[in-house]
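I opened a notebook page for this structure and wrote down what I looked up, one topic at a time.

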Amino acid sequence: MPEGDTVWQAAQRLHTALAGHTLTRADLRVPRFATSDLTCRTVLDVTPRGKHLLTRVEGGLTLHSHLGMEGAWKVYAPTERWRGGPTHQIRAILGTDERTAVGYRLPVLELLRTQDEAEVVGHLGPDLLGPDWDPDEALRRLLSTPERPLGEALLDQRNLAGIGNVYKSELCFYARVTPWLPIGELPAPERLVAAAKRVLEANRDRPRRRTTLRERAPTPLAYVYGRAGRPCLRCGTTIRHAEQGDPGRLRPTYWCPHCQSGPTP
């Protein structure tokens with residue numbers, strides 16, 4: 001599931017493959033930009049911003065993409081077989097003489113002027129993995145609606161950018177409170193912000209995300225996420241699961257009813 005660490009890794013792969021090279025193929029398979037021609041332009045850089053990717057090319061243009069729930073960018077050598085999914089799921093192809101980047105199942109793909117990037121990412125809060133990280137500003141934004149459930153506040157990218165559904169559940173477990181606790185009632189919320197920074201940084205270079213503290217192979221990769229019906233790693237109580245969020249944007253949420261205090265559905 002793409003979250004801030006996944007997007008950061010995708011940006012590094014794309015930057016390594018494309019930056020400094022001239023595009024020999026550029027195919028944007030969305031109606032609005034299908035006729036746009038980026039060939040013969042040099043890729044300047046690929047920058048992550050929260051869960052967004054900004055691929056900047058020569059001439060003051062930026063290709064903005066978002067992975068959503070199932071999107072992915074794959075990089076292939078010239079003779080390598082593409083394995084990211086069926087052809088009809090391809091939304092973008094960016095190729096050079098040495099590498100080809102293929103975007104699969106991208107829910108957002110748009111071409112804009114680089115000077116207008118703020119129109120698509122300017123609303124985001126401080127980026128947990130970005131140079132603009134500001135823990136005080138992130139905390140201020142989180143606490144601006146103290147009645148809001150903690151899980152929903154953490155997922156709101158306007159507060160702090162990069163947290164997805166996995167980290168939402170795991171961070172609430174770290175804080176020993178349920179995702180439905182009003183954030184204004186959270187003891188020491190600054191510790192949760194610091195924990196979010198630490199856990200995303202710890203995972204940005206890992207091939208497999210791990211939010212548990214033990215590094216031994218048999219240890220599960222998460223404390224509560226995806227573990228409904230199984231015992232809590234801390235106390236042995238059965239992990240529970242429910243949906244959280246607004247209608248139409250419900251997300252699966254996991255918690256331990258013994259280790260985490262606060263309201264539940």
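**Aromatic pairs**

I counted 5 aromatic pairs, where rings of Phe, Tyr and Trp (its six-membered ring) pair if their centres lie within 6.5 Å, and planes under 30 degrees apart count as stacked, over 60 as edge-to-face and the rest as tilted. I looked up Trp 180 and Trp 255: their ring centres are 5.0 Å apart and their planes stand at 75°, so this pair is edge-to-face. Trp 180 sits in the loop between helix H5 (165-175) and H6, and Trp 255 sits in strand S10 (residues 251-255), so the pair ties together parts that are 75 residues apart in sequence. Helices (H or I, at least four residues) and strands (E, at least two) are DSSP runs, numbered from the N terminus. Are Trp 180 and Trp 255 buried or exposed? Both are buried, and buried means under 20% relative accessible area, exposed over 50%, partly exposed in between (1.4 Å probe, protein chains only).

I then took Tyr 225 and Tyr 254, another edge-to-face pair, with 4.9 Å centre to centre and 70° between the planes. Tyr 225 belongs to the loop between H6 and strand S9 (240-244) and Tyr 254 to strand S10, so this pair ties together parts that are 29 residues apart in sequence. I noted that Tyr 225 and Tyr 254 are buried. I also found Phe 173, Tyr 174 and Tyr 223 linked by ring pairs into a cluster.

**Where the values come from**

This is a predicted model, in which local features need pLDDT of at least 70 and side-chain atom pairs count only at pLDDT 80 or more, while totals for chains, interfaces and linings use all residues. Residues are numbered from 1 along each chain as its sequence is written, and side-chain values use heavy atoms, with hydrogens and water left out.

**The sheet with S6**

I followed an open sheet of 4 strands in the order S1-S6-S7-S5, with antiparallel pairing; two strands pair if DSSP finds at least two bridges between them. S1 and strand S5 (72-76) stand at the edges with a single partner strand each, so one side of each has no neighbour in the sheet. From one strand to the next the twist averages 15°.

I went through the pairings of S6 next. Strand S1 (residues 25-28) runs antiparallel to S6 and is joined to it by 4 bridges. Arg 25 stands opposite Gly 95 in S6. On S6 and strand S7 (residues 100-104) I counted 5 bridges, again in the antiparallel sense, and Ile 93 has Val 102 in S7 as its bridge partner. How many residues lie between S6 and S7 in their hairpin? There are 4.

Why is strand S6 (residues 90-95) largely enclosed by the rest of the structure? I found that 5 of its 6 residues are buried, so the strand is largely enclosed.

Helix H1 (residues 4-18) lies across S5, S6 and S7 and runs at about 35° to S5. Axes are lines fitted to C-alpha atoms, for helices over the stretch in contact, and angles run from 0 to 180 degrees between N-to-C directions.

I picked Val 7, which lies in helix H1. Val 7 counts as buried at 1% relative accessibility. Not counting residues up to four places away in sequence, Val 7 touches Pro 48, Gly 50, Lys 51, His 52, Leu 53 and Leu 67, where contact means heavy atoms within 4.5 Å.

**Two positive phi values**

I noted that Cys 40 has phi near 75°, a positive value in a residue other than glycine. Cys 40 is in the loop between S1 and strand S2 (43-49) and is exposed, with a relative accessible area of 65%. Ala 188, also not glycine, has a positive phi near 50°. Ala 188 is in the loop between H5 and H6 and counts as partly exposed at 25% relative accessibility.
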